[in-house]
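This report covers the side-chain contacts and ligand surroundings of one protein model. Please keep the structure open while reading.

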Amino acid sequence: MRRAAEDGLRVKAVGTGHSFTAAAATDGVLIRPELLGGVREIDRAAGTVRVAAGTPLHHLNEALAAEGLSLTNMGDIMEQTVSGAVSTGTHGTGRDSASLAAQIVALELVLADGSVLRCSATEHPEVFTAARLGLGALGVISEVTFAVEPSFLLTAREEPMPFARVTEEFDQLVAENEHFEFYWFPHTEGCSTKRNNRSAGPARPLPAVRGWIDDELLSNGLFQAVCSLGRALPGSVPPVAKISSRALSARTYTDIPYRVFTSPRRVRFIEMEYAVPREAAMDALRELKALVERSDFRVSFPVEVRTAPADDIPLSTASGRDTAYIAVHMYRGTPHEPYFTAAESIMTAHGGRPHWGKVHSRDAGYLREVYPRFAEFTALRDRLDPHRVFGNDYLRRVLGE
Ligand SMILES: Cc1cc2nc3c(=O)[nH]c(=O)nc-3n(C[C@H](O)[C@H](O)[C@H](O)COP(=O)(O)OP(=O)(O)OC[C@H]3O[C@@H](n4cnc5c(N)ncnc54)[C@H](O)[C@@H]3O)c2cc1C
């Protein structure tokens, strides 16, 4: 950092590059994460783990599981680095438990002048509050301390359900389950729901063969073939979607958290995700469905709906409000702009906040309006990085000069 500053170069740290935005792009020095990995300390009494910033989440999950510990909640893959994941607000679904950034209890940052700053609720709390989800704009994270808990078992219940029922019963489904999410299959009335709740056991993981058939053969292999067909012959998308949605089946399994929360995603896609106030979510989703029905969009990827409780992080998509996430996806190589643009106008009409790491077209003018604590973040940025050593085009768009 010091040498880059002396040479007048800008600096960006990158994770695994799983963001769909150019959040980590730079024309200056790129700090890669590979040599900054590993669990540094587990403090059982405090219920914390200190981990180097470049550690991939799968490594952290496995290391914690080996010690009988776990994060409380997480997203649906675990390829990302801990620092990249928290920096854009990576989240799963939860009634009471929030994003990965909300599970941080301390951070170590290298600032623009090369100095090292440790922050937590008691050390530099004003930096800690914001830097948990900092978009790489405040400093290079070198270490993250997460709260962890003794490992537990989750029972997952996956079940097809009609769109009308899920949307009508959404509030109840969220209230009754620790982690509720669902996928709606465009061009159909079908949804696939997933409820994860803590269980006393015993563990009943998916049998290896069933897991392979469901996750690799159907969710990845067959889905890949269906998406490729849809890209070559867009007219095939609606009829194939109808057949596939009828083939959905229920399954129940019980396993340690990361094996329930995450699954392999091998079919490449582009994604946009908006966080809307929870109470507006089902209206927004119905509008999205009506949009797909009256348009000539051919959408082979499901729309994913998740939730998070309000948190206290200035730039968190769930900052200060109970939230539901609506994510639209398109198979890679398929034109996504018309669909995403139309979906985005529905989400922004509901005061939606875009996921910082996924495709969107918003700028600082809009974001300032939907984040009540936006100015708190930019004031901190002005103090910690007045010369914009960590600046790039993406930050200029979303945070301003
Ligand atoms: C298949 C797939 C599934 C996904 N699933 C989910 C999901 O379930 N939930 C969800 O919310 N998101 C999800 N995402 C989005 C993904 O979690 C985020 O985009 C995440 O930021 C990617 O982490 P990364 O390590 O690849 O970081 P990168 O994309 O490389 O970087 C992200 C940001 O973090 C900054 N950064 C990285 N390291 C540091 C550091 N050491 N210090 C400071 N800043 C740093 C970068 O500069 C950049 O601004 C998914 C993405 C894909 C491709």
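## Aromatic contacts

Phe297 and Tyr339 are both buried. Here buried means under 20% relative accessible area, exposed means over 50%, and partly exposed lies in between (1.4 Å probe, protein chains only). The model is predicted: local features need pLDDT of at least 70, side-chain atom pairs count only at pLDDT 80 or more, and totals for chains, interfaces and linings use all residues. Residues are numbered from 1 along each chain as its sequence is written, and side-chain values use heavy atoms, with hydrogens and water left out.

The whole structure holds nine aromatic pairs. Rings of Phe, Tyr and Trp (its six-membered ring) pair if their centres lie within 6.5 Å; planes under 30 degrees apart count as stacked, over 60 as edge-to-face and the rest as tilted. The ring centres of Phe297 and Tyr339 are 5.8 Å apart and the planes stand at 55 degrees, so this pair is tilted. It links distant parts of the chain, 42 residues apart: Phe297 is in the loop between α9 (281-294) and β15 (303-308), while Tyr339 is in helix α10 (residues 337-349). Helices (H or I, at least four residues) and strands (E, at least two) are DSSP runs, numbered from the N terminus. Elsewhere, ring pairs connect Phe20, Phe269 and Phe301 as a cluster.

Two arginines sit over rings. The charged end of Arg198 is over the ring of Phe152, 3.6 Å from its centre. Arg353 lies over the face of Tyr371, with 4.7 Å to the ring centre. The criterion is NZ of Lys or CZ of Arg within 6 Å of the ring centre and within 35 degrees of the ring normal.

## Salt bridges

Side chains of opposite charge can pair when their charged atoms come close. The cut-off for a salt bridge is a side-chain nitrogen of Lys or Arg within 4 Å of a carboxyl oxygen of Asp or Glu. A search of the whole structure gives 32 salt bridges. Among them are these:

| Salt bridge | Closest N to O distance |
|---|---|
| Arg165 and Glu169 | 3.2 Å |
| Arg306 and Glu304 | 3.5 Å |

How exposed are the partners? Arg32 and Glu34 are both exposed. Arg165 is partly exposed, at 37% relative accessible area. Glu169 is also partly exposed, at 26%. Arg165 and Glu169 are separated by about one helical turn, because they are four residues apart in helix α5 (residues 163-176).

Arg306 is buried, at 4% relative accessibility. Glu304 is buried too, at 2%. Both belong to one network of salt bridges with shared partners, along with Asp76, Arg265, Glu271, Glu273 and Lys358.

## Ligand surroundings

Which residues are closest to the ligand? They are Ala13, Thr16, Ser19, Asp76 and Thr88, out of 33 residues that surround it. A residue counts as near if one of its heavy atoms lies within 4 Å. β1 (11-13), α3 (82-87) and β8 (140-147) each supply at least two residues of this shell. The largest share, four residues, comes from α3.

For Thr88 the distance is 2.6 Å. For Thr81 the distance is 2.8 Å. For Arg306 the distance is 2.9 Å. Taken alone the ligand exposes 980 Å², and the protein buries 95% of that. Such areas come from the Shrake-Rupley method with a 1.4 Å probe; for residues, only the protein chains shown count as cover.

Glu158 lies in strand β10 (residues 153-162). Glu158 is buried, at 15% relative accessible area. Its side chain makes a polar contact of 2.7 Å with the side chain of Arg251. Another, also 2.7 Å, goes from Glu158 to the side chain of Tyr253.

Ser97 is found in the loop between α3 and β6 (104-110). Ser97 is buried, at 14%.

Leu107 belongs to strand β6. Leu107 is buried, with a relative accessible area of 0%.

Terms used:
A polar contact is a pair of N or O atoms within 3.5 Å; within protein, one must be able to donate a hydrogen and the other to accept it, and residues adjacent in sequence count only if both atoms are side-chain atoms.
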